Amino acid sequence: MSAKKSASGTGTIRKKTVTRNGKPYTYWEARFTAGVDPGTGKQVQRSITGKTQREVARKLKEAVAALDAGTYVAPSRLTLGEWLDIWLRDYLGGVKPFTVASYTGIVKNHLKPSLGAVRLESLNAHTIQRFYNNLGKPKEDGGGGLSAKSVKNVHGVLHKALQQAVLIGYLRSNPTDACILPRAVKREIAPLDETQSRAFLEAIQGSPMEDLFAFTLFTGLREGEVLGLTWDCVDFQAGVIRVEKQLQREKKKGGAYIFAPLKNDRVRTITPAPWVMELLRSHRAKQSAQQLRAGEWWETSGLVFTNELGGHLAISTVYKEFKRAATSIGRPDARFHDLRHSYAVAAIRSGDDIKTVQGNLGHATAAFTLDVYGHVTDQMKQESAQRMERYIKDVMGR
């Protein structure tokens with residue numbers, strides 16, 4: 001073992017040889033004073049290791065410069081996997097349970113298998129970038145096969161976890177800040193037009209989901225909001241509906257159905273068309289008849305849309321029934337969410353201003369509503385221009 005004073009005189013660099021698995025292993029180590037422990041008054045000693053003397057000398061110089069600048073952060077021996085477990089357990093107290101479940105799934109399925117063994121202090125942007133790139137590669141090429149949006153979701157969780165590590169001093173900076181994410185291709189919305197809407201309403205006649213689908217088509221509520229709507233939120237006298245929760249299934253095997261807060265935590269009150277309120281009156285009468293038939297087997301859930309015994313509807317059941325109806329009208333590509341888009345497009349074309357549509361849909365901002373449905377307003381502008389053109393020609397006598 002040999003020792004050499006560092007050029008700055010603030011640390012000591014040593015060449016060390018140890019035996020690992022019966023074989024000698026040589027490396028270099030620098031030890032330096034990183035301050036004084038306020039509790040004991042003793043000097044705090046830190047060490048830096050590397051394969052070469054030059055590497056260790058460089059690291060030592062950087063550490064000393066950081067100490068002088070007051071930006072030094074002691075290296076953490078935690079692995080990323082260990083830190084993610086701590087973060088999930090201790091730092092998500094104000095996050096919705098459904099979101100915590102989503103974060104936990106991403107940590108379990110993507111982050112820990114690929115990066116969990118990496119030391120927190122050794123994690124760098126290049127390692128993370130390669131991880132992101134591989135997630136987006138097709139499965140047939142050995143990648144994760146994730147969409148650009150899914151890769152961004154993984155990045156969002158990792159960024160949040162590492163940012164917390166920065167805040168408490170485990171990291172000097174967040175390496176995910178330097179990563180480049182894949183560009184998400186915006187999916188074009190495919191609402192039902194007037195003819196398709198009419199055909200859809202005919203296709204669902206007699207279906208156990210008829211009232212649910214018609215209600216959604218003419219209110220634009222999200223699927224979870226419709227399935228979680230309760231009678232105490234329907235005010236027939238005032239003609240309004242209070243949207244305050246949604247029914248969601250926990251994101252785990254055998255997950256239970258739970259009431260969860262709205263997507264953006266904004267409770268809203270909508271005033272549907274009178275026809276919709278009459279639909280609900282009729283539906284309530286049908287439900288009362290169902291309850292009489294079920295007798296003691298009836299579950300008093302308070303839900304507006306239920307199964308034959310008064311319990312919540314399964315998302316899979318709603319999906320299958322919707323797909324059957326959509327396929328029958330030549331729209332097998334349609335999703336339940338397209339009923340929401342259909343409502344929004346119809347509302348805008350009928351003359352509702354964007355702010356009103358935003359409020360009814362529960363979007364966070366009118367800008368978001370415009371971003372999603374801007375093509376509708378562009379088409380309306382063109383139609384307006386054509387109407388003005390016809391008016392001008394009439395006035396000019398041409």
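User: Which helix holds Asp 211?

Analyst: Asp 211 is placed in helix H7, where H7 covers residues 210-217. Helices (H or I, at least four residues) and strands (E, at least two) are DSSP runs, numbered from the N terminus. The model is predicted, so local features need pLDDT of at least 70 and side-chain atom pairs count only at pLDDT 80 or more, while totals for chains, interfaces and linings use all residues. Residues are numbered from 1 along each chain as its sequence is written, and side-chain values use heavy atoms, with hydrogens and water left out.

User: Why is Asp 211 called buried?

Analyst: Its relative accessibility is 7%. Buried means under 20% relative accessible area, exposed over 50%, and partly exposed in between (1.4 Å probe, protein chains only). Asp 211 therefore counts as buried.

User: What makes the pairing of the Asp 211 and His 283 side chains a polar contact?

Analyst: The distance is 2.9 Å. A polar contact is a pair of N or O atoms within 3.5 Å; within protein, one must be able to donate a hydrogen and the other to accept it, and residues adjacent in sequence count only if both atoms are side-chain atoms. The side chain of Asp 211 also makes a polar contact with that of Lys 286, at 3.1 Å. Beyond neighbours within four places in sequence, Asp 211 is in contact with Leu 279, His 283, Lys 286 and Phe 305.

User: How do you know that Ala 214 is buried?

Analyst: Ala 214, also in H7, has 5% relative accessibility, so it counts as buried. With residues up to four places away in sequence set aside, Ala 214 touches Leu 201, Ile 204, Trp 275 and Leu 279. The C-alpha atoms of Ala 214 and Leu 201 are 6.9 Å apart, although 13 residues separate the two along the chain.

User: Thr 176 is in a loop; why is it classed as buried?

Analyst: The loop runs between helix H5 (148-167) and helix H6 (194-203). Thr 176 has a relative accessible area of 1%, and is therefore buried. Its side chain joins that of Asn 174 through a polar contact of 2.6 Å. Outside four places in sequence, its contacts are Ile 128, Tyr 132, His 155, Leu 158, His 159 and Leu 162.

User: What makes S5 and S6 a strand pair?

Analyst: Two strands pair if DSSP finds at least two bridges between them. Strand S5 (residues 234-235) has two bridges to S6, and the strands run antiparallel, with Val 234 opposite Ile 241. Four residues lie between the strands of this hairpin, and Gly 239 takes a positive phi near 75 degrees. S6 is also joined by three bridges to strand S9 (residues 268-270), again antiparallel, and Ile 270 in S9 is the bridge partner of Ile 241.

User: What makes a space a cavity, and how many of 30 Å³ or more are counted?

Analyst: On a 1 Å grid over the protein atoms alone, a cavity is a set of points where a 1.4 Å probe fits but cannot get out; a pocket is an open set with protein on both sides within 12 Å along at least five of seven lines, and lining residues have an atom within 4 Å of a point. One cavity of 30 Å³ or more is counted. The largest cavity holds about 40 Å³, and its lining includes Leu 221, Cys 233, Arg 242 and Val 243.

User: How much space lies in the largest pocket, and which residues are closest to its centre?

Analyst: The largest pocket holds about 1,700 Å³. Of its 44 lining residues, Lys 149, Arg 222, Gln 248, Lys 263 and His 337 are closest to the centre. Helix H3 gives the most to this lining, with eight residues.

Terms used: Points joined across faces, edges and corners; volume = space filled by probe spheres on them. Contact = heavy atoms within 4.5 Å.
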